[in-house]
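Biologist: Please take a close look at the contact between the chains in this model. Then follow the salt bridges and the strands from there, so that I can trace each of them on the screen.

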Amino acid sequence: MKELSYLLLTIGAALALIGSAIFGLGDATTLVPPPEAVAESFVRELETKRYTRAQSYLSEELAAKTGPATLKELTERLLQRTGKILDVRGEAGWIASERAEAGARLKTELMGEPMLKFSLTRRAGVWSINDLQSIEAAAMH
Amino acid sequence: MALYQILLRVVLAYVFALLLLRLSGKRELAQATSHDLVLALILGDLFDDLFWAEVPASQFVVAAGVLVVLQVAVALGCHANQGFARLVNGAPEVVLRDGKPLQQGMRHEQLSENDLASLLRQQANLEREQWSEVRCAHIEPDGEMSVLRHEWAKEAQQQDHARLPEAKQ
């Protein structure tokens, strides 16, 4: 039992350390996925048709009105224009306090290497995507 | 992604893993069982996610921590209760008795006779014609083979020297 208590204490101490780095020192890119990693992961989830997981990268407000079905429809329209997505790479934009912008550079079959830009907000230390305008625009034009 | 951020994440993961291993006991490294191996594989994947910032560090700490806590709880359970240990780790399987391979044990361990011969060569220095020296060979829960020889086949020890006729003279 002593071993378990020590382990739980270690986990607690590690969480406290991470919490103080994020909330005390304002870390927004080292101990949490930075905005560009969020953008990249979001597009990768869409590309692999894991819409429910993709939804978890959206802010609460956006996720409330953008369900997996909407993301599926959006992705299908995007793929009609871009063809197969061969690779996705996150690109850093700017960060200002609780807001940020980051991009996901796609390598596509039909459209070369378009960039999808996302604005993000930070809640409880974690970045989430705030709008899908860039992806909607890429799917339409 | 800046290199210093990768460095910080690697250091955090390394120190955390080191503490977990230290606190969970030395058996993890030396006496790995099948579920230790599964744990090591899952932890490896979790490290990868953290290094490339695919998950927040807090999620890594909780996931890796809970896995190790469960592992230690199971190990403590095994220590306290033989029945539980058998349920979790399985029992040693006899694959050779009195020099004869046991088909049931070999099938359970998915061993062919060639595999058995190879194990006996590697772990007991026994060629096929020496199998009659073996009283019993087990495949232990950690996958290692243990071999018990007949009394007459054991290596001579110092006490045996006194029994030699020349020593008596």
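Modeller: Between chain A and chain B the count of salt bridges is zero. The model is predicted. Polar contacts do occur across this interface: the rule finds three residue pairs, both residues of each being at pLDDT 80 or more.

The size of an interface is often expressed as the accessible area lost when the parts come together. Here chain A and chain B bury about 1900 Å² between them, and 79% of that area is on carbon and sulfur atoms. Of the area that chain A buries against chain B, 28% comes from Leu7(A), Ile11(A) and Thr30(A), more than from any other three residues.

Salt bridges are found elsewhere, with 12 of them over all chains. One of these is in chain A, where the side chains of Arg105(A) and Glu91(A) meet with N and O 3.3 Å apart. This pair links distant parts of the chain: Glu91(A) belongs to strand β1 (residues 85-96) of chain A and Arg105(A) to strand β2 (residues 99-108) of chain A, 14 residues apart. Arg105(A) has a relative accessible area of 25%, so this residue counts as partly exposed. Chain A also holds a network of salt bridges that links Glu40(A), Arg44(A) and Asp87(A).

β1(A) and β2(A) run antiparallel and are joined by 10 bridges. The hairpin of β2(A) and β3(A) has six residues between the strands, and Gly112(A) in its turn takes a positive phi of about 75°.

In chain B, one salt bridge joins the side chains of Arg128(B) and Glu113(B), at 3.1 Å from N to O. Glu113(B) is in helix α7 of chain B and Arg128(B) is in the loop between α7 (113-124) and β3 (134-139), so the bridge ties together parts that are 15 residues apart in sequence. Both ends are partly exposed: Arg128(B) has a relative accessibility of 40%, and Glu113(B) has a relative accessible area of 32%.

Another salt bridge in chain B pairs Glu133(B) with Arg149(B), the closest N and O atoms lying 3.0 Å apart. Because Glu133(B) lies in the loop between α7 and β3 of chain B and Arg149(B) lies in strand β4 (residues 145-149) of chain B, the pair ties together parts 16 residues apart in sequence. The two ends fall into separate accessibility classes. Glu133(B) counts as buried because its relative accessible area is 17%, under the 20% cut-off. Arg149(B), at 25%, is partly exposed.

The strand to look at next in chain B is β1 (residues 93-97). Four of its five residues are buried, so the strand is largely enclosed by the rest of the structure. β1(B) runs antiparallel to β3(B), with four bridges joining them. In that pairing, Leu96(B) stands opposite Ala137(B) in β3(B). β1(B) is also joined by two bridges to strand β2 (residues 100-101) of chain B, and these strands run antiparallel. Leu96(B) takes part here too, with Pro101(B) as its bridge partner in β2(B). The hairpin of β1(B) and β2(B) has two residues between the strands, and Asp98(B) in this hairpin takes a positive phi near 50°.

Notes: Residues numbered from 1 in each chain as written. Chains lettered and ligands numbered in written order. Predicted model: local features only at pLDDT ≥ 70, side-chain atom pairs only at ≥ 80, totals over all residues. Heavy atoms only, no water. Salt bridge = Lys/Arg side-chain N within 4 Å of Asp/Glu carboxyl O. Buried < 20%, exposed > 50% of the residue type's maximum accessible area, 1.4 Å probe, protein only. Pairing = 2+ DSSP bridges. Buried area = accessible area lost by both parts, 1.4 Å probe. Polar contact = N/O pair within 3.5 Å; in protein donor to acceptor, adjacent residues only side chain to side chain.
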